[in-house]
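Morning, everyone. Let's walk through this structure together, one piece at a time.

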Amino acid sequence: MRVNTLEDLHHIKSQSQESGGHSPRDNHHKLTVNVHQGTCGIANGAKEVYAAMVESAQHYLNKDKQPENHSRDKDHQNENGHMGESEYIGEIKNSSHNSLNGIHITQTGCPGMCYNEPLVSITGPADQPYIYGQVTPENARAIIASHIENQTPIYEWLVNTAPIDKTLTAMQDMPFFKNQKRIALANCGVVNPEKIEDYIAADGYFALARTLSEMQPLDVINEIKTSGLRGRGGGGFPTGAKWEFAHNVSSDQKYVVCNADEGDPGAFMDRSILEGDPHRLIEAMAIAGYAIGANQGYVYVRAEYPIALERLKWAIGQAQDKGLLGDHILGSAFSFTLDIRLGAGAFVCGEETALLSSIEGKRGEPRPRPPFPAVSGLWGYPTIINNVETYANVPAIILNGAAWFSAIGTEKSKGTKVFALAGKINNIGLIEIPMGTTLRTIIEDIGGGIPHGKKYKAAQTGGPSGGCIPTDMLDIEIDYDNLQAIGSMMGSGGLIVMDEDTCMVDIARFFLEFTQDESCGKCTPCRIGTKRMLETLDKITEGKGDAGDIDKLEALAHSIQNASICGLGQTAPNPVLSTLMYFRNEYEAHIHEKKCPAHACQEMLSYTILDDKCTSCSLCARVCPTDAISGKTKEPYKIDQDKCIKCGACMAKCKVGAIEHS
Amino acid sequence: MNPGQYEIAIDPQWSTAIDTIVAANAAQPGSLIQILEQTQKEIGYLPENVQAYLSEKLDIPLSEIYGVTTFYALFNTEPVGQHTISVCMGTACYVKGAGDIVAEFERQLDIKAGETTQDGKFTLEACRCLGACGLAPVLTIDGHVHGRLTSADVRNLLENYE
């Protein structure tokens with residue numbers, strides 16, 4: 001059915017809620033089993049878990065008599081990454097479930113708890129969800145048998161119970177979620193991303209309806225400006241101001257572009273939004289099109305995200321079928337078409353002018369600004385470019401008002417920020433926190449601290465453009481300006497935690513290797529400057545550093561920052577400068593003492609077997625790839641230093657701790 | 001280059017496939033990257049004669065097409081192995097030891113990252129972030145994801161493809 005009016009939208013919303021085919025959050029009719037299927041979940045076997053759930057549920061329901069169960073969406077093509085048969089609904093005939101109409105097995109995107117994938121949540125009428133973590137197909141069968149058939153949850157497998165008294169913790173009270181505020185991620189893990197009705201039932205497309213029926217383009221722009229929303233891709237430019245520039249240029253043709261070329265290594269928030277809630281992006285881009293006067297949009301997605309791509313394609317098709325994209329949206333005079341362009345693996349295409357070149361089918365090389373894309377962008381026409389997370393905030397701002405949004409956050413950074421929390425941290429996941437939350441809250445409360453009793457050393461934000469935040473700055477309140485002041489930056493939201501085993505010189509070298517490889521080569525400071533910096537860092541980590549190397553690195557860094565054309569070059573030295581600022585002693589140890597304090601730089605390591613601890617078990621000799629270890633029964637083994645390639649396999653294998661490195 | 005002066009020898013099966021791809025995409029502005037991507041999916045890589053054929057078909061100079069194929073990491077101008085191993089070298093994987101895993105593959109396969117084994121069986125790539133940091137260190141073999149690995153898992157992974 002095509003949606004022509006606001007009433008049509010309300011109709012779909014209430015229908016979707018009544019049928020129960022809606023988000024488990026407000027579902028009062030059915031027992032909903034929700035198998036979360038983001039990339040991480042699927043890679044951990046969520047598809048197999050889903051199949052086992054459906055099979056066991058069918059088996060259970062068919063036990064007494066033939067029920068009228070049916071599967072929906074069978075006509076979906078099960079292409080690459082596509083959910084295919086995306087839900088299963090069966091009627092429960094068992095008398096013990098009289099209060100229920102049925103069992104509803106559905107699939108959503110990722111709720112962010114990557115560390116517990118694959119996740120299954122089971123929600124009954126008016127219940128808090130029971131969340132099962134690290135579910136296997138065998139566990140899935142047991143869960144159906146115990147939790148659904150016998151109505152006895154398996155408490156040991158739940159991730160949201162108090163361990164002793166078996167009470168259920170509400171999702172928002174779990175340590176992982178307690179300090180979060182989810183706006184951009186509100187629907188991730190809640191709605192079925194392949195069902196537009198689910199999104200509509202969660203107030204989706206109501207912001208677009210409001211925009212088209214009650215607001216002039218300038219009203220939209222003012223609302224976004226007043227909200228204080230700034231670009232979430234890293235730069236932090238005020239979104240409303242960007243839209244206003246494009247609005248004010250008069251042109252027959254304008255474009256709205258979404259940067260979903262999430263190239264920052266260690267960031268996956270855009271992927272999660274595309275996989276978990278693609279309609280939110282579509283709605284926001286249509287609103288942006290209306291605000292600046294564009295009728296064509298492009299989403300530039302990286303090819304490394306096949307599932308995100310499939311779900312976005314599917315969602316665009318659904319929005320077109322419903323008339324929420326295309327001509328005369330919601331019966332108005334506004335028309336808007338959305339197309340996808342595939343990124344082909346070039347980090348520099350995250351830079352807006354390079355991205356535009358790439359959409360035009362050319363090499364993704366940046367060009368100097370001005371003119372800014374808002375004046376002269378895609379094929380020379382006014383174009384706005386925002387990132388996925390920025391757009392994901394827009395519908396909520398339109399629906400709840402600028403004042404609601406600007407009440408969240410700090411003075412100059414409003415709203416929330418999504419971070420991909422990864423690296424040496426217990427609770428790896430995707431989190432959304434109000435601006436102004438301290439790094440300590442993220443690491444200790446949400447992240448659950450550092451694994452294996454190791455010590456926190458640094459958190460890296462801003463990816464290859466950012467910096468490392470040391471221990472004594474854990475209480476910093478995270479916002480755009482505070483991070484910049486300490487030599488890092490917000491970036492797109494990668495937050496990689498490092499412990500005492502991470503060498504900060506090696507990390508700086510890792511990022512330089514990245515930016516040097518990804519430099520497009522157009523301007524000399526970036527092309528050659530990063531190469532010379534990398535060579536110097538290689539030298540230092542190999543134990544061949546010279547006394548003047550630090551000064552050389554600093555001088556080069558400042559030249560590259562000042563003279564490069566685009567953001568990639570201008571920020572490429574940041575990882576080196578920030579580690580030099582906070583971990584200069586590590587550089588000095590590498591250069592002067594030829595030691596790596598974290599024992600990470602292999603060239604400087606030597607492995608030895610401790611005679612008094614060695615039990616002559618020969619495990620180390622068997623695992624050594626170069627046969628560098630030899631020994632006899634009842635005699636301590638020895639390492640031949642000439643043959644040793646310092647891979648560390650022996651040390652990892654030794655059960656008695658008889659091998660040490662220095 | 002005058003058309004006709006440069007003899008383009010191309011497998012007729014390839015030219016038929018390319019013609020279909022071009023017909024489906026050429027009308028869209030800026031579709032070169034999509035055409036190259038679909039052509040590579042069909043043929044496996046983008047050798048010089050394929051680029052030259054596309055140049056004639058699309059009326060885009062070969063230099064420009066070559067410029068695009070060599071700019072983006074997605075495109076290969078050399079044939080790739082039967083199986084492609086892509087080890088994620090994003091930051092989260094790197095701090096959790098992805099470098100050791102690449103080194104172990106290099107040792108086992110006796111090639112460097114970016115190369116293909118002599119028997120054409122495996123291509124080893126160190127790739128950019130796969131966005132699956134929860135599984136770090138992670139890799140894909142022919143698109144199938146394997147996560148939370150150590151260098152000790154490398155031998156087993158390879159044995160599955162023997």
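Start in chain A, in the loop between α24 (619–623) and β17 (629–630): that is where A:Asp627 lies. Keep in mind that this is a predicted model. A:Asp627 has a phi near 50°, which is positive, and the residue is not a glycine. Most residues other than glycine have a negative phi. So is A:Asp627 buried or exposed? A:Asp627 has 10 other C-beta atoms within 10 Å, and the cut-off for exposed is 12 or fewer, so A:Asp627 counts as exposed.

Look for B:Asp142 in the loop between β3 (139–141) and β4 (144–146) of chain B. B:Asp142 is exposed, with 10 other C-beta atoms within 10 Å.

Next, peptide bonds. Most of them are trans. A:Pro118 is found in the loop between β4 (103–108) and β5 (120–123) of chain A. There is also a cis bond joining A:Arg369 and A:Pro370, where omega is about 0°. A:Pro370 sits in the loop between α13 (352–359) and β10 (383–387) of chain A.

Now a strand in chain A. Please find β13, residues 456–461. How many of its six residues are buried? Six of the six, so the strand is mostly covered. With β14(A), residues 467–470, the pairing is antiparallel over four bridges. There, A:Thr461 has A:Gly467 as its bridge partner. β13(A) and β14(A) make a hairpin, with five residues between them. In that turn, A:Gly462 has a positive phi of about 85°. With β15(A), residues 494–499, the sense is again antiparallel, over five bridges. One pair to click on: A:Ala458 stands opposite A:Met498 in β15(A). As for side chains, in a regular strand they alternate between the two faces of the sheet.

On to a helix pair in chain A. Take α18, residues 504–518, and α22, residues 574–582. Their axes are 8 Å apart, and the packing angle is about 170°. Why call α18(A) and α22(A) roughly antiparallel? Because angles over 145 degrees count that way, α18(A) and α22(A) are roughly antiparallel to each other. The contact uses A:Met504, A:Val505, A:Ile507, A:Ala508, A:Phe511 and A:Leu512 from α18(A). From α22(A) come A:Pro575, A:Val576 and A:Thr579. The crossing of α18(A) past α22(A) is left-handed.

Let's move to chain B as a whole. Chain B has 162 residues, and 38% count as buried. Its C-alpha atoms fill a box of roughly 55 × 35 × 25 Å along the principal axes. Its secondary structure is seven helices and four strands. Along the sequence, the pattern reads α-α-α-α-β-α-α-β-β-β-α. Of the contacts between residues at least 6 apart in sequence, 61% join residues at least 24 apart.

Where does chain B divide into domains? Domain 1 covers 12–71, and domain 2 covers 83–159. The centres of these two domains of chain B, taken over C-alpha atoms, are 30 Å apart.

Last stop, the sheet in chain B. This is an open sheet of four strands, in the order β2-β1-β3-β4, with mixed pairing. β2 (122–127) and β4 of chain B stand at the edges, each with a single partner strand, so one side of each has no neighbour in the sheet. From one strand to the next, the twist averages 20°. Inside the sheet, β1(B), residues 83–88, pairs with β3(B) in the antiparallel sense over three bridges. B:Ser86 stands opposite B:Thr140 in β3(B). Finally, a helix: α6(B), residues 98–109, lies across β1, β2 and β3 of chain B. α6(B) runs at about 150° to β1(B).

That's the tour. Questions, please.

Note on methods:
Residues numbered from 1 in each chain as written. Chains lettered and ligands numbered in written order. Predicted model: local features only at pLDDT ≥ 70, side-chain atom pairs only at ≥ 80, totals over all residues. Buried ≥ 20, exposed ≤ 12 C-beta atoms within 10 Å, placed from the backbone. Helix = DSSP H or I, 4+ residues; strand = E, 2+ residues; numbered from the N terminus. Pairing = 2+ DSSP bridges. Domains from an automatic or database assignment. Axes fitted to C-alpha atoms, helices over the stretch in contact; angles between N-to-C directions. Parallel < 35°, antiparallel > 145°, perpendicular 65-115°, else oblique. Left-handed = near helix turned anticlockwise from the far one by under 90°. Contact = placed C-beta atoms within 7 Å.
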